[in-house]
Amino acid sequence: MHGHGGYDSDFSDDEHGGRSNKRKKRTVEDDLLLKKPFQKEKHGKVAHKQVAAELLDREEARNRRFHLIAMDAYQRHTKFVNDYILYYGGKKEDFRRLGENDKTDMDVIRENHRFLWNEEDEMDMNWEKKLAKKYYDKLFKEYCIADLSRYKENKFGFRWRVEKEVISGKGQFFCGNKCCDKKEDLKSWEVNFGYIEHGEKRNALVKLRLCQECSFKLNFHHRRKEVKSKKRKDKTKKDYEESSHKKSRLSSAEETSKKKEKGHSSSKKSENSVNRDSDEEEGTSESELWKGPLPETDEKSQEEEFDDYFQDLFL
């Protein structure tokens, strides 16, 4: 019985059922329209086999990628080769590479190194020459290191100093020979170094600091030019003049002693003349002092004093 009147309708259930089916269709259509392309499908509590397989594949791919990135280039290469042999067959000997043509950075520098770089050498620069030029710019080109092992054949090897040798003082405060570390009796030499480089003959003036034995080896066939500082030259000249002046004084003293032996009269006369001369010199010197102001002396600046100091160090 439905309603208050107690009348029943045969079409009442169909109407309610039709309305519910329409509502379901509308909700499904709305869900399809509102679904985003990257949205995951809704599943129940138990995942589908396909979804589980996709998740596993993603995890495995992520792990493989992580291991490949962590590997070295050579390790990655060997892994791919081993995988290829495992799946497709073959031998490892077929994949072995020949290392005959392999070159390191030092091999490239040795092939393209130059003792001195000119403007012509820097015209056509490839990456190998640029690498050699970069190494050349880092060298210290003031003093050289020499190889005097073949000095009897008149053959010498020269190279520029490296940073470690400059810090330790090799070639400047120690002997510049490759196999010698003496500090005493060092002399600086200027050598005209003739060499053949990349099929061209070249010359370069080179400075060396060698001990006495190594300088003998350097000058075994013919003598090289020895470099001395200006101060030392001036000192040697002054010493020579002073020694000559002392010798003249000694000779004059010997002559006076001989004259004393000959007779007292001549000695007294000479003494009186010497005393007169000395008095006259003292009088003239005192008069010259009181005539006017003292002569001005040229004082050196601080830069000139530093230059003179470093000349003594480097030579």
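## Close-up views of a predicted model

**Figure 1. Overview of the chain.** Among contacts in the chain between residues at least 6 apart in sequence, 52% join residues at least 24 apart. The structure shown is a predicted model, in which the chain has 10 helices and 5 strands. Of its 315 residues, 18% count as buried, and the chain exposes about 27,600 Å², with carbon and sulfur atoms supplying 51% of that area.

**Figure 2. The packing of helices α4 and α5.** Helix α4 (residues 105-112) packs with helix α5 (residues 127-137) at an angle of about 90°, and their axes are 9 Å apart. Because angles of 65 to 115 degrees count as roughly perpendicular, α4 is described as roughly perpendicular to α5. On the α4 side the contact is made by Asp105, Val108, Ile109 and Asn112, while α5 contributes Trp127, Glu128, Lys129, Leu131, Ala132 and Tyr135.

Figure 3. Side chains of opposite charge can pair when their charged atoms come close. In this view, the side chains of Arg202 and Asp121 meet in a salt bridge, with a distance of 3.1 Å from N to O. This pair links distant parts of the chain, since Arg202 belongs to strand β4 and Asp121 to the loop between α4 and α5, 81 residues apart. Both partners count as buried, Arg202 at 12% relative accessibility and Asp121 with a relative accessible area of 10%. Arg114 lies in the loop between α4 and α5 and is buried too, with a relative accessible area of 11%. Leaving aside neighbours within four places in sequence, Arg114 is in contact with Asp121, Tyr136, Glu197, His198 and Arg202.

Figure 4. The side chains of Asp83 and Lys79 meet in a salt bridge of 2.9 Å, N to O. The two residues are separated by about one helical turn, because they are 4 residues apart in helix α3. Asp83 counts as partly exposed at 27% relative accessibility, and Lys79 is partly exposed with a relative accessible area of 33%. In the second pair, Glu153 forms a salt bridge with Arg150, and the closest N and O atoms are 2.8 Å apart. Glu153 is partly exposed with a relative accessible area of 46%, as is Arg150 with 43%. Elsewhere, salt bridges that share partners join Arg114, Asp121, Glu197, Glu200 and Arg202 into one network.

**Figure 5. A nonpolar surface patch that includes Tyr87.** Tyr84, Leu86, Tyr87, Tyr88 and Phe95 make a nonpolar surface patch of about 660 Å². Of these residues, Tyr87 is placed in helix α3 (residues 73-88), where it counts as exposed at 66% relative accessibility.

Figure 6. Phi of Asp185 is near 55°, a positive value in a residue other than glycine. Asp185 is found in the loop between α6 (163-168) and β3 (187-197), and is exposed with a relative accessible area of 52%. His198, likewise not a glycine, has a positive phi of about 55°; the residue sits in the loop between β3 and β4 (200-210) and counts as partly exposed at 46% relative accessibility.

**Figure 7. The surroundings of Lys225.** Lys225 lies in strand β5 (residues 225-227) and is exposed, with a relative accessible area of 55%. Not counting residues up to four places away in sequence, Lys225 touches Ser188, Trp189 and Glu190. The C-alpha atoms of Lys225 and Val191 are separated by 6.9 Å, although these residues are 34 residues apart along the chain.

Notes:
Residues numbered from 1 in each chain as written. Predicted model: local features only at pLDDT ≥ 70, side-chain atom pairs only at ≥ 80, totals over all residues. Heavy atoms only, no water. Patch = residues over 30% accessible without salt bridge, like charges linked within 9 Å, V, L, I, M, F, W, Y side chains within 5 Å. Areas by Shrake-Rupley, 256 points an atom, 1.4 Å probe, with all protein chains shown as cover. Salt bridge = Lys/Arg side-chain N within 4 Å of Asp/Glu carboxyl O. Buried < 20%, exposed > 50% of the residue type's maximum accessible area, 1.4 Å probe, protein only. Contact = heavy atoms within 4.5 Å. Axes fitted to C-alpha atoms, helices over the stretch in contact; angles between N-to-C directions. Parallel < 35°, antiparallel > 145°, perpendicular 65-115°, else oblique.
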